[in-house]
Amino acid sequence: MKLSPLQKARYQYNPKLPGMLRNGISEICVSCGSATESVADQEKIKALFPNTYGKNEITFQKGQNTAEAKKQVVGVILSGGQAPGGHNVVCGLYDALKATDPENVLYGFKGGPSGLIEDSYVIFDDEYINQFRNTGGFDIIGSGRTKLETEEQFAIVVENCKKHGINALVIIGGDDSNTNAAVLAEYCAAHNTGIQVIGCPKTIDGDLKNEDIECSFGFDTATKTYSEIIGNIQRDANSAKKYWHFVKVMGRSASHVALECALQTQPNICLVGEEVAAKKMSLAAIADYIADSVAARAAKGWNFGVAIIPEGIVEFVPEFSVLIAEINELLAGEKADAFNALPAWSDKYAFIKNGLTEASFSVFDILPENIQQQLFLERDPHGNVQVSLIESEKLFSALVKDNLAARKANGTYKGKFSALHHFLGYEGRCAFPSNFDADYCYSLGYNAAMLIQYGYTGYLSKVSNLQAPAEEWVAGGMPITKMMNIERRHGADKPVIRKALVELDGAPFKYFTENREKWAVETCFVYPGAIQYFGPSEVCDATTKTLALEKA
Ligand code: FBP
C-alpha cells in the first residue's frame, strides 16, 4: 500500500489518554458512584432488564488495580455509518488488552453486526493493527447496518463467542446499536453465558449524547471537514459575488451537524429542523425566511450568500410529514403496482391528485417537478418514501426562486438570484480523525478494555470533561439502561436510548439565534480552514463550538 506523507506522520502520533489511565494498567482502580435509574419509564425498563438495570456509575482512578487476573478474549464490531476515529477505538482496546497481558486476544468481526452472526472475523496482531492507527474509515474490519435484536440472533452470537472462548464483546455504534448492546448484555447475563457487552458512542450525527455522554465520536472531525468546505465556498461566494450556495449537510434526523457548521462558519442562513418543528413552519414559511435574507442582501448590492440545510429537515416540516405519510399509504401493497403501471408522469400526477387530501396535495403541488418525482422513485424495501434522499437543498432553492419572482412582480425585490447546490456527507465520515477524535476514540477503546477487565457488562464506555485538556478527562462507565426510555417504534413499545435532538433552550442554539439576524444580512463569514494535526494546541486540539458552549 502506498502511503501519503500525512498518513506516515499520523502513524507516529501518540493519542492522549485521560490522566487517570496514563500510569499503566496495574495502577488503574475503580471508584464506584451511585446506583442509576433510567431517564424515564423506570419500572418498565427495570422489568425488561432485571439483570443489568440500576447498576452504579463508575469512574477509574489512579490506584492499585484490583481486577481479577484472567486471560481476556474479546470481540469487537463497528456498527452503522462510518465516523472518524473508529480505528482508534479498536487500537485503544487492543493496546490496553495487550498491555494487561500479551496473551489476551482481540477478534474483529467483519462487516458490522452480521460478522458476529456469520462468524466472519480477523484476529488482530501488531502488524495488522499498526496500519490503521490514527486513520479515518472503518475499513479495518468494515461496518454494516444489520440489526442484532432477536433472541435467535443472540443465541447464534453466543454460540460463536463460545466457540472462540470470547468473554466480552465491544459494540461501537450509535443509539440503535448501543440499545441493542444493552439488550444483548441482558440476554447474556440472563443466560449465564459469562459474556460481557460494552458499548462505545459513535456517530457523526452527534445525536447520541446526554447528561453522561458529552459527545459521540466522529462529530468533531466530520463537522470540521464540512466547515472547512463551507468556509471555502463562502470565500468563493464573497470573491465572485454572484451565487447563492445551498449546502445540505448530513445528519439523518437531528440538526447538530448543521448547527455546529453554522457556529464555525457564520453563514447567512442555517435551518434547524427542531426549530422548524417547534414553530410548525410550512415549506412556504421557510422559503420566505430565506428569501428575506436574499432580498435584504440584494438591496445592499450583494447577490450572493450561503445557506446550510440539514439533511433531515423535511421530516421536521409538519405538512411535509403528513404528505409523506399519505404517499406511503397511497402506494401501500398492490396499489404501488397500479401506480407504477401508469405510462406517463401526467397519469401518475392525476393518480396522486386523486389519492391525496386537498391539504397534502397543495403541499405536493408547490414542489418542483423533479422533487415530486423523487418522492415516488426512491422508495425503501417496504415501499416507503426515503426522505433522506430528497434533495432538500434543491427544493429550498427552487421555492426561494419562486418566492423572489413574486417579490419581483410586486416591486419589493430587484436583485439577481443564481443558486448552486452541494451535499456534504460522505466526504466527512472517513476523514483522518482530528487530534480530538484520535485521542477521544483511543481513550474510549482503552477504557472499554478496563471495563471488561473489571467485569462490567451493559455499560457504555464513558470519557467526559472533554472541553478540558485530555490530561483532565474523566474515564469510566455508565450503565446503558440509564439512558433508556420507552418509545413507540414500528407499532410496538420498545426500550431505546433517547435520541438527542438540538435543544432549543441549549447554549449552542441560543448563541446561534443571538447572532443569526446579523449573519443573514451582513457578510460575517468565518473561514475555518483545514483540520490541523501538527502545531500549536489551540489550532490542533480545540473541539467543537457546540461542546465549548454546552460546557461553558
Ligand atoms: P449512523 O447513525 O449509523 O452513525 O449514520 C449516520 C449517517 O452518517 C447519517 O448522517 C446519514 O444520513 C446516514 O448515515 C447515511 O447512511 P448510509 O451510509 O447507509 O448511506
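Biologist: Leaving aside its neighbours within four places in sequence, which residues is N435 in contact with?
Modeller: The model is a predicted one. In it, N435 belongs to helix 20, which spans residues 435-453. With neighbours within four places in sequence set aside, the contacts of N435 are R10, Y13, Y533, C540 and D541.

Biologist: Does N435 count as buried or exposed, and at what relative accessibility?
Modeller: A residue is called buried when its relative accessible area is under 20%. N435 therefore counts as buried, its relative accessibility being 4%.

Biologist: Which backbone oxygen does the side chain of N435 reach?
Modeller: Y533 is one of the residues in contact with N435. The side chain of N435 comes to 3.3 Å from a backbone oxygen, that of Y533.

Biologist: In what order do the 4 strands of the open sheet stand?
Modeller: The pairing in this open sheet is parallel. Its edge strands, each pairing on one side only, are strand 9 (269-270) and strand 11. The order of the 4 strands is 9-10-8-11.

Biologist: How many bridges join strand 8 to strand 10, and how many pair strand 8 with strand 11?
Modeller: Strand 10 covers residues 305-310 and runs parallel to strand 8, with 6 bridges joining the two. Strand 11 covers residues 419-424 and also pairs with strand 8 in the parallel sense. The number of bridges between strand 8 and strand 11 is 6.

Biologist: Which residues stand opposite H245 in strand 10 and in strand 11?
Modeller: In strand 11, F246 has H421 opposite. For H245, the residue opposite in strand 11 is L420. In strand 10, H245 stands opposite V306.

Biologist: Which residues of strand 8 point one way, and which the other way?
Modeller: In a regular strand, side chains alternate between the two faces of the sheet. Strand 8 (residues 244-249) is mostly covered, with 6 of its 6 residues buried. One way point W244, F246 and K248, and the other way point H245, V247 and V249.

Biologist: Where is the place of G173, and what is its relative accessible area?
Modeller: G173 is found in strand 6, residues 168-173. Buried requires a relative accessible area under 20%. G173 is therefore buried, as its value is 0%.

Biologist: How far apart in space are G173 and K202, C-alpha to C-alpha?
Modeller: Residues up to four places away in sequence aside, G173 touches S79, N178, C200, P201, K202 and L208. K202 is 29 residues from G173 in sequence. In space, their C-alpha to C-alpha distance is 4.9 Å.

Biologist: How many residues surround the ligand, and which are the closest?
Modeller: The shell around the ligand divides into 3 nonpolar, 4 polar and 6 charged residues. In total, 13 residues surround the ligand, and the closest are G81, T203, D205, E311 and Y426.

Biologist: How much of the accessible area that the ligand has on its own does the protein cover?
Modeller: A backbone N or O atom of G81 is 2.8 Å from a ligand oxygen atom, and an N or O atom in the side chain of T203 is 2.9 Å from a ligand oxygen atom. For Y426, a polar side-chain atom lies 2.5 Å from an oxygen atom of the ligand. Of the 480 Å² that the ligand has on its own, the protein covers 81%.

Terms used
Residues are numbered from 1 along each chain as its sequence is written. This is a predicted model: local features need pLDDT of at least 70, side-chain atom pairs count only at pLDDT 80 or more; totals for chains, interfaces and linings use all residues. Side-chain values use heavy atoms; hydrogens and water are left out. A residue is near a molecule or strand if one of its heavy atoms lies within 4 Å of it. A polar contact is a pair of N or O atoms within 3.5 Å; within protein, one must be able to donate a hydrogen and the other to accept it, and residues adjacent in sequence count only if both atoms are side-chain atoms. Accessible areas come from the Shrake-Rupley method with a 1.4 Å probe; for residues, only the protein chains shown count as cover. Ala, Val, Leu, Ile, Met, Phe, Trp, Tyr, Cys and Pro count as nonpolar, Asp, Glu, Lys and Arg as charged, and the others, Gly among them, as polar. Buried means under 20% relative accessible area, exposed over 50%, partly exposed in between (1.4 Å probe, protein chains only). Two strands pair if DSSP finds at least two bridges between them. Contact means heavy atoms within 4.5 Å.
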